[in-house]
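Reader: Hi! Could you walk me through this model while I have it open?
Author: Happy to, let's take a look together.

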Amino acid sequence: MTTNQIALAYLAASVLFIFALKGLSSPATARRGNLFGIAGMALAALTTLSMVHNHALILGAIAVGGVIGAVVARRVQLTAMPELVAFMHSLVGLAAVFIAITAVNNPAAFGLHDPLPMGNKLELFIGTFIGAMTWSGSVIAFLKLSGRMSGRPIVFAGQHALNLLLALAMLGCGLWFFLAPETNWTGFIAMSAIAFLLGFLIIIPIGGADMPVVISMLNSYSGWAAAGIGFSLGNPMLIIAGSLVGSSGAILSYIMCKAMNRPFLSVILGGFGSEGGAVAAGDGMQKTYRSGSADDAAFLLGNADSVVIVPGYGLAVARAQHAVKELTLKLQNKGINVRFAIHPVAGRMPGHMNVLLAEAEIPYDQVFEMSEINSDFPTTDVALVLGANDVTNPAANVPGSPIYGMPIIEANKAHNVIVVKRSMATGYAGLDNDLFYLDKTMMVFGDAKKVVEDMVKALD
């Protein structure tokens, strides 16, 4: 391909990526957005392939990666998507580091001068340390989300001071690499090693309830790492794609920070979570709650005029979305107005609940964001909470609570509340939920899918 043809192909791929992001902004157009993204990536890959000489090696690597990706994608459960996304972010960061190491070791292979000009050194430095932090931070996010590491914050005395010292040391080593007249491997390796360590340290103090924001933040990091490497390689496609990922991830992080009442700057720097690392699981007082059966819940639902269903991670674990669709149809056939309330951080990743409901083919016009539906709860007969915990906890309105100020789904304002849970165990944030102890609340214990199926039978 000629230079002009390559530029036009990259431009077309960039436009497709922009259309993909636009499509992914709404569940109704998400499928179309995915198709645009696939087409854009295929065009970008084919264009890049036309510029290299060793086609066999590149095609072999693509084939191996494609097979692994296809096998993993078919095997992974929808409930495991958050940790899979975190794992993929780690691979993007690690790829940026490997490319940077290769470029420093053999600049001529990338069309760079040897020794590297200062501008290229700066770009490689930025891409490397962001990529290294993305990899190690994503590994911690993966371990926490998959249950291989506790979701509670891990803190120790002097943690913030240590992170600051490591950040300064990383920047110092990067400056040493940047200013050296020849290739300074010592400075580069030291900077990379500190960045890997810093990635671990900025994620471990973050509590499990904040993991959706962590995923969004790491998604942004991976994009900026790719963009930084793109500048060094002189690859406009990598710069554009990385910038799109980085900026969209940052915007999503900002939106989620507003939803969780978190300082945006603290999120970007990784310094958020429960202050002091202690998350209260309860005040130690004996509390009473009212429990009932699926038949009792079905009686309440069947005699309501309006029902709002609040899905949470428990619904995802039980794979109850199809049973919920059947329940919705039963209630609608009785003339009951049924809607869904989605919290921005419900589940373990942004959009987790939207994906579940879309899989069950629940109409998009029945699904509402928290800000759209909260005002309707005072006139709602029954709020049905399925496996959601932290996002419905009224403790967010209590000064001094670890989640104070976090906007919640205001299910507590409905006339009646039905909560389906396996037990009275605390949620991912480790907090007792005051909603469970209200006089208007009925607890129905059991697997969400089984309980909902029993409700459907009771409505016949």
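**Helix packing and the sheet**

Author: Let's start with a helix pair: α4 and α5 cross in a left-handed way, meaning that the near helix is turned anticlockwise from the far one by less than a right angle, while clockwise would be right-handed. Helices here are DSSP runs of H or I with at least four residues, strands are runs of E with at least two, and both are numbered from the N terminus.

Reader: Before we go on, what kind of model is this, and which cut-offs apply?
Author: This is a predicted model, where local features need pLDDT of at least 70 and side-chain atom pairs count only at pLDDT 80 or more, while totals for chains, interfaces and linings use all residues. Residues are numbered from 1 along each chain as its sequence is written, and side-chain values use heavy atoms, with hydrogens and water left out.

Reader: Thanks! At what angle do the axes of α4 and α5 cross?
Author: At roughly 155°, and the axes of α4 (residues 81–105) and α5 come within 7 Å. Axes are lines fitted to C-alpha atoms, for helices over the stretch in contact, and angles run from 0 to 180 degrees between N-to-C directions. That makes α4 roughly antiparallel to α5, since the word is used for angles over 145 degrees; under 35 is roughly parallel, 65 to 115 roughly perpendicular and the rest oblique.

Reader: And what does the contact of α4 with α5 have by class?
Author: There are 16 nonpolar, eight polar and one charged residues. Ala, Val, Leu, Ile, Met, Phe, Trp, Tyr, Cys and Pro count as nonpolar, Asp, Glu, Lys and Arg as charged, and the others, Gly among them, as polar.

Reader: How do α5 and α7 pack?
Author: α5 and α7 (residues 185–203) pack at an angle of about 35°, with axes 7 Å apart, and this crossing is right-handed. Residues of α5 that meet α7 include Phe125, Phe129 and Trp135, and among their counterparts in α7 are Phe188, Phe196 and Phe200; contact means heavy atoms within 4.5 Å.

Reader: Which aromatic pair do Phe125 and Phe129 form?
Author: A tilted one, at 5.1 Å centre to centre with 45° between the planes. Rings of Phe, Tyr and Trp (its six-membered ring) pair if their centres lie within 6.5 Å, with planes under 30 degrees apart called stacked, over 60 edge-to-face and the rest tilted. Phe125 and Phe129 both lie in α5 (residues 118–145), four residues apart, about one turn of the helix.

Reader: Switching topic: in what order do the strands of the sheet come?
Author: The order is β3-β2-β1-β4-β5-β6, six strands in an open sheet with parallel pairing; two strands pair if DSSP finds at least two bridges between them. β3 (367–369) and β6 (441–445) are at the edges with a single partner strand each, so one side of each has no neighbour in the sheet.

Reader: How many bridges join β2 to β3?
Author: Three, with β2 covering residues 337–342. Ile342 stands opposite Glu369 in β3.

Reader: Which strands does α16 touch?
Author: Helix α16 (residues 448–458) packs on the sheet and touches β4, β5 and β6. α16 also packs with α13 (residues 321–333), at about 25° and with axes 9 Å apart. That makes α13 roughly parallel to α16.
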